[in-house]
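Subject: Structure handover and notes

Dear colleague,

I am passing on the structure below, together with the notes that I made while going through it. Please read them with the structure open beside you.

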Amino acid sequence: MNIPRIRIAHLPTPIEHLPGVSAALNGPAILVKRYDLTGVGFGGNKIRKLECLLAEAQANGARLLLTTGAVQSNHCRQTAAVAAKYGLRCRLVLAGEKPEHPSGNYLLDLLMGAEIIWTTKPERDATLKSAFDQAWQAGERPFLIPYGGSSPVGAFGYVLAMQELADQQVQPDWIVFPSSSGGTQAGMALGARITGFQGKILGISIEDKAVELQERVAGLANEMADRLRIPERLAPQDILVNDDYLGKGYGVFGELERSAIQLFAHKAALFLDPVYTGRAAGALMDLIRRGTFKQGETILFWHTGGLPAIFAESYQPELC
């Protein structure tokens, strides 16, 4: 396959059994794929994407990585980590109000030397484009990484992740994980076709309606297939997305997330984040109780990371 990669992540990430969680839910066997353990700046699923994106940036002579996300963005924190490790500058366009006291991912962004531009969510994309144009005109050699690292190049990291899973010889009936910008799910979906994975891949939408996310994921997967010069094609209906757990919106912490964080901590000493894995695990718990998953099946919960967000000041009053 012809997408270059720089090896950054600590791979392969382990797969662990969660018997305490399974027993507490009286449900099917639950495993966890520990993509919270990819290393570099507290790790997370974006490191897989950034391996490919950094190779592309270096091939283009980049000296500055530029990307965007929310105040507690895991993607932005991991981009800042990769930039620091490989001697590049990092500039982050963060959408939201500047916290009075840095904490969580935002604190780590600052510790790793990232420069911050503040904006609002509606103005995020325009601000990012303006920041790139200004950096280019100033001769800073910026490389633009899209929201969530979800480009065809970034998504290729999850084609490789599915090959990693195949090499570990684990064949779950379901993979369940949080899906937002779409790159992780696009890579998984295409990687499943390439590796012959026989299970189902279910993305729990964190922010968007299912139809929107399905179209975005299928589009990314097909662009990636074109880049790889392979004939595989995915239609939106091939992409499994559940949007029943959007709650009050992106990053709005509720009982669903709280119950999941507490159960996984109490029963497995496994820590979830308030935005992504907390919501996806809460959905998993509810779907088990509703009988969506059958006894005798095996579910692999793909832990995408995000631990520093637990320590964000804004979530502290809600966690316990």
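Which residue, with a positive phi, follows helix 6? That residue is Q169, and its phi is near 55°.

Before the rest, a word on the basis of these notes. Residues are numbered from 1 along each chain as its sequence is written, and side-chain values use heavy atoms, with hydrogens and water left out. The model is predicted, so that local features need pLDDT of at least 70 and side-chain atom pairs count only at pLDDT 80 or more, while totals for chains, interfaces and linings use all residues.

Helix 6 covers residues 152–167, where helices (H or I, at least four residues) and strands (E, at least two) are DSSP runs numbered from the N terminus. Its 16 residues should span 22 Å at 1.5 Å a residue, the expected span being 1.5 Å times one less than the number of residues, and the end C-alpha atoms are 23 Å apart, which agrees. Because 12 of the 16 residues are buried, helix 6 is largely enclosed by the rest of the structure; buried means under 20% relative accessible area, exposed over 50% and partly exposed in between, with a 1.4 Å probe and protein chains only.

Among the buried residues of helix 6 is M162, which counts as buried because its relative accessibility is 1%. Leaving aside neighbours within four places in sequence, M162 is in contact (heavy atoms within 4.5 Å) with I175, G187, M188, G191, A192, T195, F197, I201 and W302. The C-alpha atoms of M162 and G191 are separated by 5.4 Å, although these residues are 29 residues apart along the chain.

The second largest pocket has a volume of about 210 Å³. A pocket here is an open set of points on a 1 Å grid over the protein atoms alone, where a 1.4 Å probe fits, with protein on both sides within 12 Å along at least five of seven lines, and lining residues have an atom within 4 Å of a point; grid points are joined across faces, edges and corners, and a volume is the space filled by probe spheres set on the points. The lining includes A192, F197 and I201, and these residues are also among the contacts of M162. Helix 7 (183–195) and strand 8 (200–205) each give two or more residues to this lining, the largest share, 4 residues, coming from helix 7.

The largest pocket has a volume of about 510 Å³. Of its 27 lining residues, the closest to its centre are A70, V71, Q72, S314 and Y315.

With best wishes
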